[in-house]
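Colleague: I'd like to learn how to read charged pairs in a structure. Could you walk me through it?

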Amino acid sequence: MSLRTIGLVLAAVATLAVAVMGLGALGFSFDPFDLQGRKLDRALAGQATAKAEGAAAAIEAAGSRDTTTRVEVALNQRSAAQERLTELSAATRSAPDANEPIDPDRIDRLRDFDQQLCAIRPAICAGASDPTAATRDAGNGPAALPIGRTPAG
């Protein structure tokens, strides 16, 4: 190749480079492979993912707070019930008729009330280790409650 040809090629390349830079400065862009569009799509997808993860984290935190509140309420109720049970147990043991025999009619009424409660909420009658405890009946007589004698305990 001659020097003149090389000079013309270099001049054409320089002119093309100056033209591209000039057009780029004016706001025109030359992106034949759409690299900027792909980059924008990836950024938008990342933004959507971040928003979804943020929303999920907020929901999870709210659920955790709600669960903590419910557990605290349940523990407070359990503690209050235990305190009340202790008070009532002491009052029952020190009642004037605590050592007198229980009337058989009263035993029948109490058993009927227990069965009604079990029919309404079977879970309160079931034992923790025996789910069939709600369907069992202690029956009448000394095995259930000694009538005419003072119960032990």
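Predicted model: local features only at pLDDT ≥ 70, side-chain atom pairs only at ≥ 80, totals over all residues.

Colleague: Okay, so how many salt bridges does the rule give?

Modeller: The count comes to 3. Let's take the pair Asp-108 and Arg-111, whose side chains meet with 3.6 Å from N to O. That counts as a salt bridge because the cut-off is 4 Å.

Colleague: Where do Asp-108 and Arg-111 sit in the chain?

Modeller: Both belong to helix α3, which covers residues 104-120. They are 3 residues apart, so about one helical turn separates them.

Colleague: And is Arg-111 buried or exposed?

Modeller: Arg-111 is buried, with a relative accessible area of 18%, because buried means under 20%.

Colleague: Which residue pairs with Asp-66 in a salt bridge?

Modeller: That's Arg-70, and the closest N and O atoms of the two are 3.0 Å apart. This pair lies in helix α2, where the residues are 4 apart, so again about one helical turn lies between them. Arg-70 is exposed at 58% relative accessibility, because exposed means over 50%. Asp-66, at 38%, is partly exposed.

Colleague: What does Arg-84 pair with?

Modeller: Arg-84 meets Glu-87 in a salt bridge, at 3.2 Å from N to O. These two are also in helix α2, 3 residues apart, which puts about one helical turn between them. Arg-84 is partly exposed, with a relative accessible area of 46%, and Glu-87 is partly exposed too, at 45%.

Colleague: Where should I look for Asp-34?

Modeller: Go to the loop between α1 (3-25) and α2 (35-93). Once you've found Asp-34 there, check its accessibility: at 45%, Asp-34 counts as partly exposed, because that class runs between the buried limit of 20% and the exposed limit of 50%.

How values were computed. Residues numbered from 1 in each chain as written. Heavy atoms only, no water. Buried < 20%, exposed > 50% of the residue type's maximum accessible area, 1.4 Å probe, protein only.
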